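Reader: I want to learn how to read packing, pairing and interfaces from a model. Can we work through a case?

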Amino acid sequence: MALLPLPPKLAKRYPFFRLALYIAVFAVVLFLAERSLFPVISYSFDFRNPDAHKNDLLDPRNQKGKLLENGRLAKGDTLFMNVGTSGVYDKVFFSLLPETEADAQEKAEIKIRHGYRAAWLPEGQAVTDFPAEELYVSTEDSLTTYYALREGTLYRFVSEDAFLSRFPKEKAKPIERNALAALPLSEKILGFRHGTLVAFADGIFLITDDEFMRPIGSARIFLSLGYRFEDVKQVNAEELGIYKRGKIFLSGDIHPSGTVFQNTDTGTYFLLDGGERHDLPPSAYRDLLLSQTAPILYSSIDSKKTASCIAEKKFPGRSLECTINLESLMNVTGNDYELAISNTENETDIRTATLAFATEKSRGNLLFILSQQKDLFLSRLGIIPK
Amino acid sequence: MLHSRLKTWKESGILAFAYSLLVELLMLLYLLFLGLFTLEILLPGFVSVRINMAIFLATLILLTMATAMLGRFLGAHFPATASYEKLILSTLIAWGTGIIGISLISFPWWSLAVLLALSLAILFFLRDIFLEEKSD
């Protein structure tokens, strides 16, 4: 029945229109559910506007690691880009638009791998001991203060917890008040070890270096980076106040220096520092790191696995397209993908590159996605799923 | 021109027909929005990553305004009954309590006690104000 009185002719038609309205709304609900459960998520890079914020394929670079500001690729060059996403995808559509018809290629080889970006970084020297520092502790007037002496200047640690995140107590030598007064004291205050996760009020922050902390974008990003809520250290305003607030940490950002990873294939550990992976053989330093935080687990074998396709020129137009089957990479731990576009033909100039991740609509995938959402919900409540 | 056309539509009953359908559509869309909002609170990012909730809400507000204007033009008036008000209010309170309860689940017990006491006190004063207004 209509809300307002209607003429008999319209009153007769009203139930049919009402039914059509309910069917339409139900169809919209189904469409939204389908889009939410099986989204197609696109990432792209526009080489005409390399600094645009909407570019979400990250860090375009060549095989030597040099960041590119345009899409020019010589014969034999490979263009690498990264993207961070936490969904479950079993295929990805690749599309490349050359700048002009003259740049159009017949084909290009596209490869993709899945894991954590940190696992693909170059290897540096092993870290076998604590960072070399001259450390002091003053216990005057029942107040314990830790210092580091660097090039003749004293740097105060903001708190005992901050010191203990870097060194054990016994590393600091006792120092008298007179000796302290004789040394110049820097205004710069030292905080927590790089890579430490801290919480203040309702935010979680990553200490990325001595100067900056970066808020983590969301609980989803936090979990997709392999972090655990149990490893977050509660800090006070003074401890956090020594840092400047950096930009929000998002999916696709590389873990900061100081992050510890464990290879599940070999049981070995590595420490991220200065854009390199450093082996962490058994040592007192490694014990200290592992006593403070669980390592982020990854598989070196899985991280090297690739899936590929040959992108071919689409008619009409000049774009190159192909679809990569990601089934072999679906269960790899990590939230990052690395795309490699190999130019086997003549020199070319790329205008845009696009990746669109999708999940096949199947019962198995639906159950998997729902179970992931259940785990996310439980972890949000502080109940860690098995 | 437009006014005379609207007048013709009003007399033919087409506007009353459209208004009745619009109100039903609005109710369904508000329910859908409530569902999506709840899902977003329970699983942050699940909805907002895929669907722009701001556009949805803006559309809903514009549609509500258009429906209200049409209702005024048609002279539609629905005095809310006490039982209807009670139903809406109790549904909203149950929904709000559930959502707030979930967000407070890992709070320390003493802060929960403080929040509960404060909420009850605010509700008590609001009830007084509300009852005073009714009696006026």
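Reader: How are H2(B) and H4(B) oriented, roughly parallel or roughly antiparallel to each other?
Author: Two packed helices are described by the angle between their axes and the distance between those axes. This is a predicted model. In it, helix H2 (residues 14-42) of chain B packs with helix H4 (residues 82-103) of chain B at about 15°, the axes being 10 Å apart. Angles under 35 degrees count as roughly parallel. H2(B) and H4(B) are therefore roughly parallel. The crossing of H2(B) past H4(B) is left-handed.

Reader: Which residues make the contact between H2(B) and H4(B)?
Author: From H2(B) come Leu34(B), Phe37(B), Thr38(B), Ile41(B) and Leu42(B). H4(B) supplies Trp95(B), Ile99(B) and Ile102(B). By class, the residues of this H2(B)–H4(B) contact are seven nonpolar, one polar and no charged.

Reader: Now sheets. In what order do the five strands of the open sheet in chain A run?
Author: Strands of a sheet pair through backbone hydrogen bonds, either parallel or antiparallel. Here the order is S10-S7-S8-S9-S11 in chain A, with mixed pairing. S10 (173-174) and S11 (185-190) of chain A are the edge strands. Each has a single partner strand, so one side of each lacks a neighbour in the sheet.

Reader: How many bridges join S7 and S8 of chain A?
Author: Seven, in the antiparallel sense, between S7 (residues 134-140) and S8 (residues 143-150) of chain A.

Reader: What is the strand order in the four-strand open sheet of chain A?
Author: S19-S18-S17-S20, again with mixed pairing. S19 (276-279) and S20 (296-298) of chain A stand at the edges; each has a single partner strand, so one side of each has no neighbour in the sheet. From one strand to the next, the twist averages 35°. Inside this sheet, S17 (residues 260-263) and S18 (residues 269-273) of chain A pair antiparallel over three bridges. Val260(A) has Leu271(A) in S18(A) as its bridge partner.

Reader: Which strands does helix H6 of chain A touch?
Author: S17 and S18 of chain A. H6 (residues 284-292) packs on the sheet, and its direction makes about 85° with that of S18(A).

Reader: Last topic, the interface. How much area do chain B and chain A bury between them?
Author: About 2,700 Å², with 75% of it on carbon and sulfur atoms. On the chain B side, Phe17(B), Glu24(B) and Arg50(B) lose the most area to chain A, together 25% of what that side buries. Counting contacts, 29 residues of chain B meet 27 residues of chain A.

Terms used. Residues are numbered from 1 along each chain as its sequence is written. Chains are lettered from A and ligands numbered from 1 in the order in which they are written. This is a predicted model: local features need pLDDT of at least 70, side-chain atom pairs count only at pLDDT 80 or more; totals for chains, interfaces and linings use all residues. Side-chain values use heavy atoms; hydrogens and water are left out. Axes are lines fitted to C-alpha atoms, for helices over the stretch in contact, and angles run from 0 to 180 degrees between N-to-C directions. Helices (H or I, at least four residues) and strands (E, at least two) are DSSP runs, numbered from the N terminus. Angles under 35 degrees count as roughly parallel, over 145 as roughly antiparallel, 65 to 115 as roughly perpendicular and the rest as oblique. A crossing is left-handed if the near helix is turned anticlockwise from the far one by less than a right angle, and right-handed if clockwise. Contact means heavy atoms within 4.5 Å. Ala, Val, Leu, Ile, Met, Phe, Trp, Tyr, Cys and Pro count as nonpolar, Asp, Glu, Lys and Arg as charged, and the others, Gly among them, as polar. Two strands pair if DSSP finds at least two bridges between them. Buried area is the accessible area (1.4 Å probe) that two parts lose on being put together, summed over both.
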